[in-house]
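Please look over the sequence and the structure shown below before reading on. The report then goes through the chain as a whole, its core and its aromatic rings.

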Amino acid sequence: MRSSDDRVYLAPVDHLRAVAAVLVVLYHGCQLLSARIEGRRFVPATDWLYSSNPAATLVFEGHTGVALFMVLSGFIFTVGAYGKPVRYGRFLTNRLLRVYPLYLVVAVLGLATQVALPTFQDLLRILTFATPTQPYGGVFWTLCVEMQFYLVFPLLCRLLGERGPGTLLRLLAAVSVLRALVWLSSPAPAPHTASLYLGLAGRIDQFLLGMLAAWLYVHHRDRLRARWLQPVALALAVGMLWSFNQVHGFVSDSPLKLMWSGAEGAVWALVVVAYVAGRPAGAGGWPSRAAARLGEVSFSVYLTHFMVLTVTGEYVIGYGWHPGALPPVWAAFLVTLLVALPVTVAVSFVTYHAIELPFLRLRRPYLGPAAAAGTPRPRQREGYRGR
């Protein structure tokens, strides 16, 4: 664990970022390239990939990497800011410096593929991350959700520090109830869970659970170092995704899916806190350092992999350079693993150092000094209740 100004660095967090990024690349590669091998486009409603093999379902449901990213966001911000005041303007400026530069490059390149002059609406959609129709925009919705979380994080962190974890637990319960009411009151004859699942209303559970995991890490780190906790957490994650795949959960619109975001977030929060607490400093040697470097460029991996997959489909699959003796999905997996993933990582190291890093160095500390030991927490006056 290293700290620079207000930025806490935990190598295990970068390891998990690397895992999340690889899962997303393999997930999209298996879908898009297997359909390309069959000479068609992937249609989620009819072409979703299923398997009774738990390891395969980890890839086929690799969208869960997004949930892991969101849990990690809540976790690492809270570990760094817990017990300290957050300067709101500087915090948001730092977040924009982190997200906007590479995003704008990819979004503008996607806009250029339309071979038409951009309209004012096009530019407005770019500024607000609302660009899913572009060829590389399939992941932009997650950035919109992240930015919404950044807007409320300073308040949530203050509540956690001053009122304890019970405040966030009650908020989790309230969100779950309100989400169910929204679903039940939908005017649509068959209400869809996707509109909630793809926004902060459906994803805030995962950020909150990441924050609660950070509270556990700060207060009970030693207890979380039990050797059995990591394998149990990993087994729960694989079992959860296997079960979700077996019931065709992604394409289902069952009311039970309203609970998926919370369940997914809780399991990944357990994985995060178990792995970070149970990972000794400096353990792992060069594999650990390599995984940390991959995690460092994971944002670039996330934003550029659609470009690489598009080129791979055109010039690798399109020219028949794939193991044709294998079923399409496994041929697509091998091409993604051996070609698209390495190329994406190589491109990401370039984009990270050329585009991301110069702006990251412009960030300024956003945390004030921690409260002195023994300073009483502000107490709510009785007369304030209900006002």
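## A residue and its contacts

Leaving aside its neighbours within four places in sequence, which residues is Leu 303 in contact with? In this predicted model, the contacts of Leu 303 beyond those neighbours are Leu 102, Tyr 103, Val 106, Val 139, Phe 140 and Leu 143.

## The chain and its core

The protein chain has 15 helices and 2 strands, and buried residues make up 48% of its 387 residues. Among contacts between residues at least 6 apart in sequence, 83% join residues at least 24 apart.

The largest nonpolar core holds 94 residues, of which Leu 10, Phe 75, Tyr 103, Phe 149, Trp 268 and Leu 303 touch the most other members. Helix 4, which covers residues 64–81, gives the largest share of this core, with 12 residues.

## Aromatic rings

The count of aromatic pairs comes to 23. In one of them, the rings of Phe 69 and Tyr 302 have centres 5.8 Å apart and planes at 65°, and because planes over 60 degrees apart count as edge-to-face, the pair is given that name. Since Phe 69 lies in helix 4 and Tyr 302 in helix 14, the pair ties together parts that are 233 residues apart in sequence, and both residues are buried.

The rings of Phe 244 and Trp 260, by contrast, have centres 3.9 Å apart and planes at 15°, so this pair is stacked. Phe 244 belongs to helix 11 and Trp 260 to helix 12, and both are buried.

## Charges over rings

Arg 95 lies over the face of Tyr 150, at 5.4 Å from the ring centre, while the charged end of Arg 221 sits over the ring of Tyr 217, 4.4 Å from its centre.

Methods. Residues numbered from 1 in each chain as written. Predicted model: local features only at pLDDT ≥ 70, side-chain atom pairs only at ≥ 80, totals over all residues. Heavy atoms only, no water. Helix = DSSP H or I, 4+ residues; strand = E, 2+ residues; numbered from the N terminus. Buried < 20%, exposed > 50% of the residue type's maximum accessible area, 1.4 Å probe, protein only. Contact = heavy atoms within 4.5 Å. Core = buried A, V, L, I, M, F, W, Y, C linked by side-chain atoms within 4.5 Å. Phe/Tyr/Trp six-rings, centres within 6.5 Å; stacked < 30°, edge-to-face > 60°. Lys NZ or Arg CZ within 6 Å of the ring centre and 35° of its normal.
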